[in-house]
Amino acid sequence: MSLPHAILTALLEKPSSGLELTRRFDRSIGYFWSATHQQIYRELGKLETDGLIRALPAEQPTRGQKKSYEVLPAGRAELARWTAASQDPKPHRDVLLLRLRAAAVVGTAGLEADLRRHLELHERQLAEYQEIEKRDFPPGRDGTEDRLRHLVLQAGIDLETFWTQWLRRALADLAELPDGEPTRPA
């Protein structure tokens, strides 16, 4: 149920068209909650049908003109309800961790290259988050909205820092294991 709430949040920050929302998801929200162009448009339709958002009136009627949406009071109330509700954390599921567990019984062949690839991806993401932090959160930006947005970004920085450190340790541990052999008989 979180995609509609992500869309409500984005629209409360700035009324937008579906295309603008897709671009904003790609640039910011998508770092922690991804959605495809089709998913966003489908949810916009549902939110509009449910009376939580509305299309803004066009300045001049033009065929094929993109519709921009804004949040209605019912949408703001729904987002406030959802924000205040308690939710348990979801169990972490990561295929890389499962593959490492499987490597313990079938061998580690090919695993080092993929661990290095993952490390490179996480290092790039960490560098991108750090650039966003430097650009968007200079000293002195400490209003409520800025602090909460920065807190979300900091979660991304902390997660990427964790992954880069853990992957370096995994690669070091893997280097100490016998080449490609299972750690116990199959």
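## Ground rules

The model is predicted, so local features need pLDDT of at least 70 and side-chain atom pairs count only at pLDDT 80 or more, while totals for chains, interfaces and linings use all residues. Residues are numbered from 1 along each chain as its sequence is written, and side-chain values use heavy atoms, with hydrogens and water left out.

Helices (H or I, at least four residues) and strands (E, at least two) are DSSP runs, numbered from the N terminus.

## The nonpolar core

Let's start with the core. As a rule, nonpolar side chains in soluble globular proteins tend to be buried together. A nonpolar core here is a set of buried Ala, Val, Leu, Ile, Met, Phe, Trp, Tyr and Cys residues joined through side-chain atoms within 4.5 Å. Buried means under 20% relative accessible area, exposed over 50%, and partly exposed in between (1.4 Å probe, protein chains only).

The largest such core has 18 residues, and Ile-7, Leu-11, Phe-25, Leu-44 and Ile-53 have the most contacts inside it. At least two residues each come from helix H1 (2-13), helix H2 (18-27), helix H3 (37-49) and strand S3 (68-71). H1 gives the largest share, six residues.

## How the helices cross

Two helix pairs are worth a look. Axes are lines fitted to C-alpha atoms, for helices over the stretch in contact, and angles run from 0 to 180 degrees between N-to-C directions. Angles under 35 degrees count as roughly parallel, over 145 as roughly antiparallel, 65 to 115 as roughly perpendicular and the rest as oblique. A crossing is left-handed if the near helix is turned anticlockwise from the far one by less than a right angle, and right-handed if clockwise.

H6 (residues 111-136) and H7 (residues 144-175) have axes that come within 9 Å and cross at roughly 155°, so the two are roughly antiparallel. Their crossing is left-handed. The contact of H6 with H7 has 13 nonpolar, eight polar and six charged residues (Ala, Val, Leu, Ile, Met, Phe, Trp, Tyr, Cys and Pro count as nonpolar, Asp, Glu, Lys and Arg as charged, and the others, Gly among them, as polar). For H2 and H3, the axes come within 10 Å and cross at roughly 130°, which makes this pair oblique. H2 passes H3 in a right-handed crossing.

## Residues to click on

Glu-78 sits in helix H4 (residues 73-84) and is buried, at 17% relative accessible area. Its side chain makes a polar contact with the side chain of His-5, at 2.7 Å. (A polar contact is a pair of N or O atoms within 3.5 Å; within protein, one must be able to donate a hydrogen and the other to accept it, and residues adjacent in sequence count only if both atoms are side-chain atoms.) Ser-2, in H1, is also buried, at 15%.

Glu-20 belongs to H2 and is partly exposed at 25%. The C-alpha atoms of Glu-20 and Ser-68 are 8.7 Å apart, and the two are 48 residues apart along the chain. Over in H7, Leu-148 is exposed, with 51% relative accessibility. Leu-148 and Ala-170 are 22 residues apart in sequence and 33 Å apart in space, C-alpha to C-alpha.
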